[in-house]
Amino acid sequence: MTTASSYRVDVRGLSEFSAVDLYEMLKLRVDVFVVEQTCPYPELDGHDGECQHLRLIENGELIACARLWRPTPDVVPRIGRVAVSPNHRGKRLGDALIRESIAACEALYPGEAIEISAQSHLQKFYGSFGFERTSEEYLEDGIPHVNMVRRG
């Protein structure tokens, strides 16, 4: 396994994307969640405009992304739509993506907890970043998940 090479972190709202950058991010998410995981679900759920979008970019190429969302002020911020390009796996980019997402949430929402709806098989991975399971297992779009929280 190689380590993540040099990447640039980009965090912005949906309206700040060029059409090409938006297309690349949505394509990556559909390729990973709908096609690769064979999970037909409404990827374009109407919430992207309310979110900050974190992207890892290397040499001008999108290599990973996540969605940072806080639906209302009384709801804990969430990290979701965590995706690493299949062409860049094996570089520990998942680790980098979660570290950068936590740092961005801490900057946007200082001192607050962060939630994630984790695929059940990734509990140990998210646990290594301080997330703790807070729910029983449930099916989301046919895939077992658990809710996890990282205390602020």
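Biologist: Leaving aside neighbours within four places in sequence, which residues is His145 in contact with?

Modeller: In this predicted model, His145 belongs to strand S8, which covers residues 143-150. Once its neighbours within four places in sequence are set aside, the residues in contact with His145 are Ser117, Ala118, Gln119, Ser120, Glu136, Glu137, Tyr138 and Glu140.

Biologist: Does His145 count as buried or exposed, and why?

Modeller: The cut-off for a buried residue is a relative accessible area under 20%. The relative accessibility of His145 is 7%, and therefore this residue counts as buried.

Biologist: What span should helix H1 have, and how far apart are its end C-alpha atoms?

Modeller: Helix H1 runs over residues 19-36, and because its 18 residues are taken at 1.5 Å a residue, the helix should span 26 Å.

Biologist: Where is the kink in H1 centred?

Modeller: H1 has a kink of about 30°, and after the helix comes Thr38, with a positive phi near 40°. The kink itself is centred on Val30.

Biologist: Which strands are included in what covers the buried residues of H1?

Modeller: The buried residues in H1 are Met25, Leu26, Leu28, Arg29, Val32 and Phe33. What covers them includes strands S2 (52-58), S3 (61-69) and S4 (78-84).

Biologist: Which element gives the largest share of the lining of the largest pocket?

Modeller: The largest pocket has a volume of about 1000 Å³, and of the 39 residues lining this pocket, Phe33, Val82, Gln119, Leu122 and Tyr126 are the closest to its centre. Two or more lining residues come from each of H1, S3, S4, helix H2 (93-108), strand S5 (114-119), helix H3 (123-127) and S8. The largest share, seven residues, comes from S4.

Biologist: What separates the C-alpha atoms of Ile79 and Ile116?

Modeller: Ile79 lies in strand S4 and, at 3% relative accessibility, counts as buried. Its contacts beyond four places in sequence include Ala66, Leu68, Ile102, Cys105, Ile116 and Phe131. Although Ile79 and Ile116 are 37 residues apart along the chain, the separation of their C-alpha atoms is 5.4 Å.

Biologist: How does Glu100 count in terms of relative accessibility, and why?

Modeller: Glu100 is found in helix H2, and leaving aside neighbours within four places in sequence, this residue is in contact with Tyr7, Val9, Leu54 and Leu56. Because its relative accessibility is 23%, Glu100 counts as partly exposed.

Biologist: With the side chain of which residue does the side chain of His88 make a polar contact?

Modeller: His88 sits in the loop between S4 and H2, and its relative accessibility of 7% means that the residue counts as buried. Not counting residues up to four places away in sequence, His88 touches Glu58, Glu61, Ile63 and Leu93. The polar contact, at 3.1 Å, joins the side chain of His88 to that of Glu61.

Technical notes:
Residues are numbered from 1 along each chain as its sequence is written. This is a predicted model: local features need pLDDT of at least 70, side-chain atom pairs count only at pLDDT 80 or more; totals for chains, interfaces and linings use all residues. Side-chain values use heavy atoms; hydrogens and water are left out. Helices (H or I, at least four residues) and strands (E, at least two) are DSSP runs, numbered from the N terminus. Buried means under 20% relative accessible area, exposed over 50%, partly exposed in between (1.4 Å probe, protein chains only). Contact means heavy atoms within 4.5 Å. The expected span of a helix is 1.5 Å times one less than its number of residues. The bend at a residue is the angle between axes fitted to the seven residues ending there and the seven starting there. On a 1 Å grid over the protein atoms alone, a cavity is a set of points where a 1.4 Å probe fits but cannot get out, and a pocket is an open set with protein on both sides within 12 Å along at least five of seven lines; lining residues have an atom within 4 Å of a point. Grid points are joined across faces, edges and corners, and a volume is the space filled by probe spheres set on the points. A polar contact is a pair of N or O atoms within 3.5 Å; within protein, one must be able to donate a hydrogen and the other to accept it, and residues adjacent in sequence count only if both atoms are side-chain atoms.
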